[in-house]
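Work through the following exercises with the sequence and the structure at hand. Each task is followed by a worked solution.

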Amino acid sequence: MHLVPDTGQESLDWDIPFVYFRILAAFIVVGMLALLFLIFSSGSLILERQQRRILERRLDAMTTRVARVHSLETQLEETTLVLLKVQEMLGVREALPESLLQAQVARRIQSGEAPELIGPDPVGENKQLLQGSPSLWPVRGWVTREFSSKRGDEHHPGIDIAAPTGTPIRVAGDGVVLVAGWNEEYGNFVLIDHGFGLTSLYGHNSSLSVNKEDRVLGGDVIAFLGNTGRSTGPHLHFELRRNGIPVDPRSFLLD
């Protein structure tokens with residue numbers, strides 16, 4: 001390397017091996033590649049954050065809609081139970097549902113409420129829900145144990161109703177027999193599908209009068225009270241489940 005000062009002083013000379021220039025060039029190239037990598041990575045992170053924010057906003061919107069649907073489902077069930085009670089009081093259960101439901105559905109359509117719940121045949125779907133709702137007492141007797149969702153020894157997924165052995169057990173609502181059989185827990189038991197995620201179970205029977213896949217109407221005799229399975233005396237273990245989760249039967253049963 002040869003340097004010539006502009007002050008007129010003597011020039012300076014250094015001998016630098018050419019390999020040093022190659023090493024310097026290599027460092028420069030590596031540095032530029034590293035810089036490009038950092039720029040690309042930062043851009044990807046920013047894009048991912050934007051996409052995540054968009055997804056979070058969509059999830060919040062969907063969560064809000066699901067909560068609204070659940071709220072409307074609850075309102076519909078409450079309305080259905082009121083209708084059942086009115087029918088029970090008037091003794092016109094078979095004649096009233098369609099006309100009452102037509103008026104109810106018409107009001108909901110006019111108000112723009114719950115369009116998601118109203119399908120192509122709203123009256124038919126609500127009528128099916130109404131008739132299938134397990135709202136009839138399967139047997140009249142002494143309730144010896146109530147439903148409890150608590151954990152441990154207090155947990156009890158249904159209610160126990162004591163009555164004389166051989167008392168007819170009636171299905172709580174229209175449905176289809178999913179199981180008519182026996183196991184160690186419930187003894188002779190019947191499991192009914194009422195549609196709309198609702199099932200009812202009748203355990204500890206002495207005998208059964210239905211078979212799997214039989215269609216039953218609310219009030220039909222499906223079994224006879226007994227003391228089979230894990231039981232300490234003649235009684236019916238009556239269970240209701242919504243989407244597989246036990247619920248208090250009293251919230252469905254008519255007084």
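**Exercise 1. Fold and surface**

Count the helices and strands of the chain, and state what share of its residues is buried.

Solution. The model is a predicted one. Its chain contains three helices and twelve strands. Of the 255 residues, 32% are buried. Next, take the contacts between residues at least 6 apart in sequence: 56% of these join residues at least 24 apart.

**Exercise 2. Aromatic pairs**

Solution. A pair of aromatic rings is described by the distance of the centres and the angle of the planes. One consists of Tyr186 and Phe189, with 6.0 Å from centre to centre and 50° between the planes, a tilted arrangement. Both Tyr186 and Phe189 are buried.

The rings of Tyr202 and Phe238 have centres 5.2 Å apart and planes at 35°, so this pair is tilted. Tyr202 belongs to strand E8 (residues 198-208) and Phe238 to strand E11 (residues 235-242); the two are 36 residues apart, and the pair links distant parts of the chain. To assign burial, use the cut-off of under 20% relative accessible area. Tyr202 has 0% and is therefore buried. Phe238, also with a relative accessibility of 0%, counts as buried.

**Exercise 3. The second largest pocket**

Describe the volume and the lining of the second largest pocket.

Solution. The volume is about 250 Å³. The lining has 15 residues, and those closest to the pocket centre are Arg145, His156, Asp160, His204 and Arg230. Sorted by class, the lining comprises two nonpolar, eight polar and five charged residues. Strand E11 contributes the most to it, with three residues.

**Exercise 4. Positive phi**

Solution. Start with the backbone: phi of His204 is near 70°, a positive value in a residue other than glycine. Phi of Asn243 is positive as well, near 55°, and this residue is likewise not glycine. Then locate them: His204 lies in strand E8, whereas Asn243 sits in the loop between E11 and strand E12 (245-247). Last, compare with the cut-offs, under 20% for buried and over 50% for exposed. His204 has a relative accessible area of 5%, so His204 is buried. Asn243 has 63%, so Asn243 is exposed.

Key:
Residues numbered from 1 in each chain as written. Predicted model: local features only at pLDDT ≥ 70, side-chain atom pairs only at ≥ 80, totals over all residues. Heavy atoms only, no water. Helix = DSSP H or I, 4+ residues; strand = E, 2+ residues; numbered from the N terminus. Buried < 20%, exposed > 50% of the residue type's maximum accessible area, 1.4 Å probe, protein only. Contact = heavy atoms within 4.5 Å. Phe/Tyr/Trp six-rings, centres within 6.5 Å; stacked < 30°, edge-to-face > 60°. 1 Å grid on protein atoms, 1.4 Å probe; cavity = no way out; pocket = protein on both sides within 12 Å on 5 of 7 lines; lining within 4 Å. Points joined across faces, edges and corners; volume = space filled by probe spheres on them. Nonpolar A, V, L, I, M, F, W, Y, C, P; charged D, E, K, R; others polar.
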